[in-house]
Amino acid sequence: MLLENGKISSLQLSLLIIGFIFGASVIIAPGQQAGHDAWIAIALGLMEGLIIAGIFTVLTQHFKGKTLVEINSLVYGKILGNFISILFIWYLFHLGALVLNNYSRFLKLELYPATPKALTLILIMLVCALTVRRGIEVLARCSLILVTITILMAIFDTLLVAPHMDLQNLLPILDVPIGKLLWTSHATAIFPFGDAVAFLMVLAFVNKPEKGRSAVFKGVLIAGLVLIGVAVRNAAVLGQMNPIYTYPTYITAQVIDVGDVLTRVEVLVAINLITMGFFKISVAYYGAVLGLAQVFNLRSYRPIILPIGILMVILALTNVSNTAEMFDFANNGYPIYTIPFQIAIPLITLLVAKLRKLPQIGGEQA
Amino acid sequence: MIALVLIGFGMVALIQIPGLVRKQWWRELLCFAVLLFMGLILSVMISMGIEIPPVTTIINETITGMLGM
């Protein structure tokens, strides 16, 4: 029995990937460690991110219409395959909890200081649970509207803040030590671009599988270009203060002041975070729930949506003690922690599949 | 607080269990019950003020410690 009957178009996939990549990066500026050279770090990271996307899309092109869990079972056999799948499901589950954590931390710090974190987490989780219950098609349809609005808002913010921009703030170019720049670009490739590996659980549902690969590339590329634009804007507006702020995009929007009438536009950035975070959490949540249902051979993934959501909220509430630790993990631990999931699992699976000459067309394993 | 947690979990169980029993989907019911029970234990621990180890911090410290970062 098929666990998911929905189909999404390649355009919807591209938009979903853009929304997913914007996810937490609307708020946590990628490449911030590189100071005013963040845009260079993002550009280099985008290239590495495209390589990561290349690896996992080749895998899905080999096994059209199959999720990573099904591919693992075919390539490694039932026991080892399920073990590797559970590792990947843990990554998706943890990713969802991390985004939830960023999300609630931002809301607590900037917008709702008196509201308990658990309440904001439960509310966003309920919305995501409802979406996941409706299937991938509903999520993909949401992306068409919400991602377009987000990109328009980013352009709107940039136009309004243009009078405060000083491009001299971007000079001198390549001011950071090369080692630090390369590390930051790798961190940027992993978060946010490499996280798109979560789509290994979604690419199976593209209505024209042969177009899935180019749709992923388009999505990653457009998201990367927008993030480079945002990094340039933030550095040009905030100058030397840019690396100091926890949420530079939010602070940049605070600068907007058109004739003392149009002010406090930063709430638009918060809306962007809420909508794009919703995509990232939902895709990770969907992947984790669908994957677990496939591992345990369930007839539907719907019964386990709410329990997994509850566990994700609990992990989001308890996974880091404070904001400084979260940023330390994002900058130092995360770029290494995710290498097995984002690069090793897809690459090794692809190599083993090639060696075993899988999938065998017309054979029982195809 | 604990009462709120129990009411919440009770509602989730009420939403899911009757449908699964009617369809006789025992495997799905078992999976649901195990995951929900894990969630219940952890939620009760949090509401009683028992500290749960921060998973991400442990992962971060292990990686940075191993690599001497």
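## Confidence

Chain B as a whole averages a pLDDT of 92, with 100% of its residues at 70 or more. The model scores pTM 0.94 and ipTM 0.96.

This is a predicted model, so a few ground rules apply: local features need pLDDT of at least 70, side-chain atom pairs count only at pLDDT 80 or more, and totals for chains, interfaces and linings use all residues. Residues are numbered from 1 along each chain as its sequence is written, while chains are lettered from A and ligands numbered from 1 in the order in which they are written.

## Where the chains meet

On the A side, 26 residues are in contact with 26 residues of chain B; contact means that the C-beta atoms, placed from the backbone, lie within 7 Å. On chain A, the elements that give two or more residues to this side are α11 (305-318) and α12 (323-337). The top contributor is α11(A), with nine residues.

By class, the side of chain A that touches chain B has 17 nonpolar, six polar and three charged residues. The nonpolar class is Ala, Val, Leu, Ile, Met, Phe, Trp, Tyr, Cys and Pro, the charged class is Asp, Glu, Lys and Arg, and the others, Gly among them, are polar.

Now to helix α3 of chain A (residues 68-76). Seven of its nine residues are buried, so α3(A) is largely enclosed by the rest of the structure. A residue is buried if 20 or more other C-beta atoms lie within 10 Å of its own, exposed if 12 or fewer, and partly exposed in between, with C-beta atoms placed from the backbone. The buried ones are A:Leu68, A:Val69, A:Ile71, A:Asn72, A:Ser73, A:Leu74 and A:Val75. Their cover includes α2 (38-62), α4 (78-111), α10 and α13 of chain A.

The axes of α3(A) and α13(A) come within 10 Å and cross at roughly 45°, which means α3(A) is oblique to α13(A). Axes are lines fitted to C-alpha atoms, for helices over the stretch in contact, and angles run from 0 to 180 degrees between N-to-C directions. Under 35 degrees counts as roughly parallel, over 145 as roughly antiparallel, 65 to 115 as roughly perpendicular, and the rest as oblique. The crossing of α3(A) and α13(A) is left-handed, meaning the near helix is turned anticlockwise from the far one by less than a right angle (clockwise would be right-handed). On the α3(A) side, A:Ile71, A:Asn72, A:Val75 and A:Tyr76 meet A:Thr349, A:Val352 and A:Ala353 of α13(A). That contact has five nonpolar, two polar and no charged residues.

The axes of α4(A) and α10(A) come within 9 Å and cross at roughly 155°, so α4(A) is roughly antiparallel to α10(A). The crossing is left-handed, and the contact divides into 19 nonpolar, six polar and two charged residues.

Helices α1 (residues 10-25) and α8 (residues 212-238) of chain A pack at about 35°, their axes 8 Å apart. The crossing of α1(A) and α8(A) is right-handed. Among the residues that meet are A:Ile17, A:Ile21 and A:Phe22 of α1(A), and A:Val216, A:Gly219 and A:Ala223 of α8(A). By class, this contact has 11 nonpolar, five polar and one charged residues.

Most peptide bonds are trans, and most residues other than glycine have a negative phi. Chain A has some exceptions. A cis peptide bond joins A:Leu171 and A:Pro172, with omega about -5°; A:Pro172 sits in the loop between α6 (136-161) and α7 (178-193). Another cis bond joins A:Leu358 and A:Pro359, with omega about -10°, and A:Pro359 lies in the segment after α13 (339-355).

As for phi, A:Asn297 has a positive value near 55°. A:Asn297 is in the loop between α10 (266-295) and α11 and counts as exposed, with 12 C-beta neighbours inside 10 Å. A:Lys357 also has a positive phi, near 55°. A:Lys357 is in the segment after α13 and, with 9 C-beta neighbours inside 10 Å, counts as exposed.

How values were computed. Contact = placed C-beta atoms within 7 Å. Helix = DSSP H or I, 4+ residues; strand = E, 2+ residues; numbered from the N terminus. pLDDT = per-residue confidence, 0-100.
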